[in-house]
Amino acid sequence: MNELNAYLNGGQVSISRLLLQEYRTLKMSTDELTVYLQLTDFASQGDQFPDLALIGERMQLPANTIYELVHRLIQKKLITLESRENEQGQAVDRYDLTPTLMKLSILAMQAEQAVQADLDQNQRAMIFNQVEQLFGRPLSPLETEIIANWLDLDRYNPDLIQLAVREAVFNQVYSLKYVDRILLNWQKQNIKTKDDLQDYQQKHPRF
């Protein structure tokens with residue numbers, strides 16, 4: 001119990017899980033990561049330029065080793081050493097830890113874009129396959145280009161494309177020109193999503 005109380009009373013430091021997952025991607029060694037976390041801990045207590053010898057004591061490493069690790073972090077542009085004037089006009093040094101966070105943010109954004117690209121490709125393939133199934137035949141190169149233009153140039157919602165194709169087939173018209181007219185008509189009615197279409201159809205029921 002005393003050990004638990006000591007642990008809880010020691011305080012907590014918020015660490016990005018992404019940092020622990022991707023520090024190797026940032027070409028950060030385990031020792032450099034530990035130094036970065038130590039700097040983060042000091043910064044959380046208001047000390048943005050701690051005595052590196054104290055970090056050495058924590059890590060049980062010589063002070064000159066800590067200096068070298070910090071220098072590597074600076075070389076890799078994972079942290080920066082800044083000098084600013086305080087209210088008394090005196091130069092005050094500080095370690096800026098945000099470059100690492102910015103790099104992590106870029107990694108997260110790239111990962112999200114990659115996932116979205118995969119989803120987009122799967123969705124495109126699904127649309128092409130659906131049209132072929134509903135039309136009961138393979139698409140011609142021209143038809144493939146028309147659908148690609150709907151997605152890339154006209155920026156039609158993929159759900160609306162699928163619904164327009166279904167409506168064309170329901171009317172026994174197996175032509176992308178007919179589908180295109182449906183999409184243009186919906187665009188004129190400011191229908192941009194599946195929900196927009198449902199609202200429009202509820203307000204304009206067919207008899």
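T193 counts as partly exposed because its relative accessibility is 30%, where partly exposed lies between buried (under 20% relative accessible area) and exposed (over 50%), with a 1.4 Å probe and protein chains only. The structure is a predicted model, in which local features need pLDDT of at least 70, side-chain atom pairs count only at pLDDT 80 or more, and totals for chains, interfaces and linings use all residues. Residues are numbered from 1 along each chain as its sequence is written, and side-chain values use heavy atoms, with hydrogens and water left out.

**Surroundings of T193**
- T193 lies in the loop between α9 (176-188) and α10 (194-203); helices are DSSP runs of H or I with at least four residues, numbered from the N terminus.
- Leaving aside residues up to four places away in sequence, T193 touches N157 and L160, contact being heavy atoms within 4.5 Å.

**Helix α7**
- The buried residues of α7 are E143, I147, A148, W150 and L151.
- These residues are on the same side of α7, because they cover an arc of only 155 degrees around the axis, taken from the directions from the helix axis to the C-beta atoms.
- On the other side of α7, P141 and L142 are exposed.

**Nonpolar cores**
- The largest nonpolar core has 22 residues, and among those touching the most other members are I147 and W150; such a core is a set of buried Ala, Val, Leu, Ile, Met, Phe, Trp, Tyr and Cys residues joined through side-chain atoms within 4.5 Å.
- The helices α6 (98-135), α7, α8 (158-170) and α9 each supply at least two residues of this core.
- With 6 residues, α8 gives the most to this core.
- A second, separate core of 21 residues includes L33, I66, L97 and L104.
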